[in-house]
Number of protein chains: 2
Amino acid sequence: MPQLRKDPVVGRWVIISSERGKRPNHYEFRRNGSHNGPCPFCRGSEHMTPPEIMAYRPAGSNGEGPRWTLRVVPNKFPALMIEGEMDRRGEGVYDLVNGVGAHEVIIETPNHETNMGTLTEQHFEEILWAYRDRILDLKKDKRLRYVLIFKNQGSEAGATLEHTHSQLIALPIVPRNVADELVGAEDYYKHKERCIYCDIVRQELEEKVRVVSENGSFAVICPFASRFPFETWILPKRHSGYFEHASKQEYIDLSRSLRETLVRLNGTLNDPPFNYIIHSLPFGESENGHYHWHIEVMPKLTQVAGFEWGTGFYINPVAPEEAALCLRQIAL
Amino acid sequence: MPQLRKDPVVGRWVIISSERGKRPNHYEFRRNGSHNGPCPFCRGSEHMTPPEIMAYRPAGSNGEGPRWTLRVVPNKFPALMIEGEMDRRGEGVYDLVNGVGAHEVIIETPNHETNMGTLTEQHFEEILWAYRDRILDLKKDKRLRYVLIFKNQGSEAGATLEHTHSQLIALPIVPRNVADELVGAEDYYKHKERCIYCDIVRQELEEKVRVVSENGSFAVICPFASRFPFETWILPKRHSGYFEHASKQEYIDLSRSLRETLVRLNGTLNDPPFNYIIHSLPFGESENGHYHWHIEVMPKLTQVAGFEWGTGFYINPVAPEEAALCLRQIAL
């Protein structure tokens, strides 16, 4: 069983998931490692993944079988296990909890496509509906507090299989980064009675220097304090805490914003490896005046090194104003 | 002038250092990039670096020239500038400060050695004295609040030159990660009137499962909540907040602990890329009962990916108990 362990000084949680890896001598550092053999995410390889959790198939097609357009399966090497109780306990100065949770893979297309940016807008919409469906389903499990949707594209961004896919990890604990946002946003709200994210959207759309694009529902910006070169955030214009509470029109507009953002990054940066994550309110919270869901897209162009690990500061050699200017100029 | 910018929601600082990089189109993602040409850190290439800040030369040698054994120079592409005033200011919802600080390189040997672990114990001692000398000198600058000493070895750990070297960045703001440790340690002290780090050392030396090695002054352990496979911490047995307050015997023992740790990591993991950082009390604080300086060594074997960026949690596939066992078994 994996364990969730808490650092006794700073309260940072880690998932110790030994079953996931090989024996330690498999951790020898290897340069340019790569995966060989048939791709388990392609149409026709359905038997290579654990049993399907959910799939989208065209109307009129058989309930199972290879005619899927999107497929969700458990991660074959899950960081957390869905069975079991949490069982919080101490060991001297330390705290730990059983690694209860879910770890799923959203296979975005049956074709061996390695670059999400080449998928159609309709396909992006389907992916967003799948995220929503999985969040709503996992929300029923009372042991869980949060579902993080994330994507790693490119081995440098942590992807181990190149066939385009997203992942979700459902956690029994609210993640530190989301908790920090909640505290910061609530604090701002107490002083101003306004949402900090709404204020950011307003200021950015007025100043226009860090805006990449805009449509009816979303503003796409390079954030003022970008950690990484070409970091790009997608913020809904309508105040809402939950990704899964977005309207149909918002999902349509978001699929456009997300796809365009990836196309712009590909055009500017030669198909960079990247991560994106969705931040949304934890389960069990209520919509409030201060928290505002959003997507953060982080191209992986620089290495995070000693300085960042030591300080929690980031050194970014490209000003977001310059990044936004480059991204705006890409023809779609 | 670089800028220090603060994220308005979570308070995270970033250094926007556009002068440091090339133009944005130089940020296109390139696989397997590498540096060519003569090494600016080798003996005989002294003219290729900015003017020397400090160097160690054998007694009796000329005050300048190539007979150095260790040399400290300003970083040629500094993230922060030593000249200027801080000038804190706002821009709408945002806060920023001029990027005042120092960014120096400690060239650890005149020979083109790429693996720090091959240096002698005496050489390690010299490196530690250089860290101390630079900290004591920078402490005189009243604009500065912290000096982070760090090392990146291997391009995957962020090193851009392979000749073994460390770096320091002096900051006008206490880094978030150090501030988090201070808050956590003080909180523990309020409850228990004991230092959490002293308690960790005591428990680890009793249990022995996560201990890698031990000498008169230091305990080397794989921490209970390791973020990374084979993460290893070096903790002084004597309670003290400041690295630069260590005794001569402690520097001798530390050079042994640090060198042995790198030799063990090299032996177990085939010369992995790694980072290490020194955490010590910020300038202007006083020695207290709760904060305890230490070194964190982090091999870079896994990619930090979307899950980690989204949550602040880490997934570690190697239990620290198993890592410590492997490291202990390496013959020195």
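**View 1. Secondary structure and overall dimensions of chain A.** Six helices and 15 strands make up the secondary structure of chain A (DSSP runs, H or I of at least four residues for helices and E of at least two for strands, numbered from the N terminus). The model is predicted: local features need pLDDT of at least 70, side-chain atom pairs count only at pLDDT 80 or more, and totals for chains, interfaces and linings use all residues. Residues are numbered from 1 along each chain as its sequence is written, and chains are lettered from A and ligands numbered from 1 in the order in which they are written. The C-alpha trace of chain A spans about 55 × 50 × 40 Å along its principal axes.

**View 2. The two domains of chain A.** Domain 1 (3–18 + 37–175) and domain 2 (177–328) are given by the domain assignment, which is automatic or taken from a database. Their centres, taken over C-alpha atoms, are separated by 22 Å.

**View 3. The side of domain 1 of chain A that touches domain 2 of chain A.** In chain A, 26 residues of domain 1 are in contact with 25 residues of domain 2 (C-beta atoms, placed from the backbone, within 7 Å). On this side of domain 1, α1 (121–138) and β8 (146–153) of chain A each supply at least two residues; α1(A) gives the most, with eight residues.

**View 4. Chains A and B.** Chain A superposes on chain B by a rotation of 180° with 0.0 Å of shift along the axis (RMSD 0.0 Å), by least squares on the C-alpha atoms of residues with pLDDT of at least 70 in both. The two copies are thus related as by a two-fold rotation axis.

Methods. Contact = placed C-beta atoms within 7 Å.
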